[in-house]
Amino acid sequence: MARNAERRVALVNAAVEVLAAEGARGLTFRAVDAAAGVPTGTSSNYFTSRDDLLHQIDAWLHERLAPDPAVVAELLERPRDRELVAAFMHDLLGRAQRDRTGYLAMMEMRLEAGRRPELRASLMKSLRGDLDFGISFHTESGLPGGAETVTVLYLAALGLILEHLTMPGMLDGAVPGVSVPEGLMDRIVRTIVPQEQPPAPLMARP
């Protein structure tokens with residue numbers, strides 16, 4: 001059983017590679033088998049249909065692209081200020097750059113979901129769940145800003161990652177003197193996330 005679980009993960013990872021490289025139209029069981037280096041017909045023994053495979057990719061990408069709990073724990077040792085928000089966003093950017101294939105596959109999933117209502121419902125649920133978790137994490141951790149801050153930050157960071165991964169070099173020089181993508185991520189955080197509010201002074205007793 002353990003071996004079967006490992007094979008399933010290997011097949012889903014191969015499917016991610018195919019999806020990122022060929023798009024949804026190239027995602028076939030035969031292509032996944034070839035990418036995984038397994039005999040033709042193997043994928044059909046693990047997934048009931050192409051839709052089943054897409055749903056498995058969705059679930060696996062949310063695990064594969066998730067932050068490292070150890071990194072999160074280490075970052076939370078820092079003061080709850082705008083610099084900490086920037087550190088979290090640079091961790092996100094670093095993960096996107098290290099796993100470009102995974103992020104491109106997720107973008108392809110979004111495009112495919114736009115064409116397939118049943119996949120759209122599933123993907124929307126998982127993506128909205130990620131956003132809601134991010135808002136809860138941000139506020140419960142005492143980071144500056146609230147739900148609106150996190151939502152706008154999410155949209156801006158998503159746009160930066162999309163442009164950087166799909167059109168490298170396109171943003172070079174867009175903001176003079178600001179490096180791409182690290183400097184732009186810093187600028188995004190500085191623009192969106194409010195400064196920490198200093199504690200109100202104690203009122204003197206009459």
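**Helix α7 and its surroundings**

Let's start with two helices. Helix α3, residues 50-64, packs against α7 at an angle of about 10°, and their axes are 11 Å apart. That angle makes α3 roughly parallel to α7. Please keep in mind that this is a predicted model.

Who makes the contact? From α3 come Asp51, Leu54, His55, Asp58 and His62. From α7 come Glu118, Leu119, Ser122, Leu123, Ser126, Leu127 and Asp130. What kinds of residue are these? The contact of α3 with α7 divides into four nonpolar, four polar and four charged residues.

Now α7 itself. This helix covers residues 117-140. That is 24 residues. From its first C-alpha to its last, α7 reaches 34 Å, close to the 34 Å expected at 1.5 Å a residue.

Which residues of α7 are buried? They are Leu119, Leu123, Leu127, Leu131, Ile135 and His138. Look at the numbering as you read that list. Here is the background: an α-helix has 3.6 residues a turn, so residues three or four places apart point the same way. And what do the buried residues of α7 pack against? Their partners are α3, α5 (82-98), α6 (100-115) and α8 (147-166). After α7 comes Gly142, with a positive phi, near 80°.

Next, one residue from that list. His138 sits in α7. Its relative accessible area is 6%. The cut-off for buried is under 20%, so His138 counts as buried. Leaving out residues up to four places away in sequence, His138 touches Val85, Leu143, Pro144, Gly145 and Val150.

His164 is in helix α8. Is His164 buried or exposed? Its relative accessibility is 19%, so His164 counts as buried. What does the side chain of His164 pair with? It makes a polar contact of 3.4 Å with the side chain of Gln97. Gln97 is also among the residues that His164 touches.

At 21% relative accessibility, Glu108 counts as partly exposed. Which residues does Glu108 touch, beyond those up to four places away in sequence? Leu19, Gly23 and Ala24. Now take Glu108 with Ala20. They are 88 residues apart in sequence. In space, C-alpha to C-alpha, they are 6.8 Å apart.

Let me step back to the whole protein. How many helices and strands does it have? Nine helices and zero strands. Along the sequence the pattern reads α-α-α-α-α-α-α-α-α. The C-alpha trace spans about 85 × 40 × 30 Å along its principal axes. There are 206 residues, and buried ones make up 37% of them.

One last number, on contacts.

To recap: α3 runs roughly parallel to α7. The buried residues of α7 pack against α3, α5, α6 and α8. His138 is buried in α7, and His164 in α8 counts as buried too. Glu108 is partly exposed. That's the tour.

Conventions
Residues numbered from 1 in each chain as written. Predicted model: local features only at pLDDT ≥ 70, side-chain atom pairs only at ≥ 80, totals over all residues. Heavy atoms only, no water. Helix = DSSP H or I, 4+ residues; strand = E, 2+ residues; numbered from the N terminus. Buried < 20%, exposed > 50% of the residue type's maximum accessible area, 1.4 Å probe, protein only. Contact = heavy atoms within 4.5 Å. Axes fitted to C-alpha atoms, helices over the stretch in contact; angles between N-to-C directions. Parallel < 35°, antiparallel > 145°, perpendicular 65-115°, else oblique. Nonpolar A, V, L, I, M, F, W, Y, C, P; charged D, E, K, R; others polar. Expected span 1.5 Å × (residues − 1). Polar contact = N/O pair within 3.5 Å; in protein donor to acceptor, adjacent residues only side chain to side chain.
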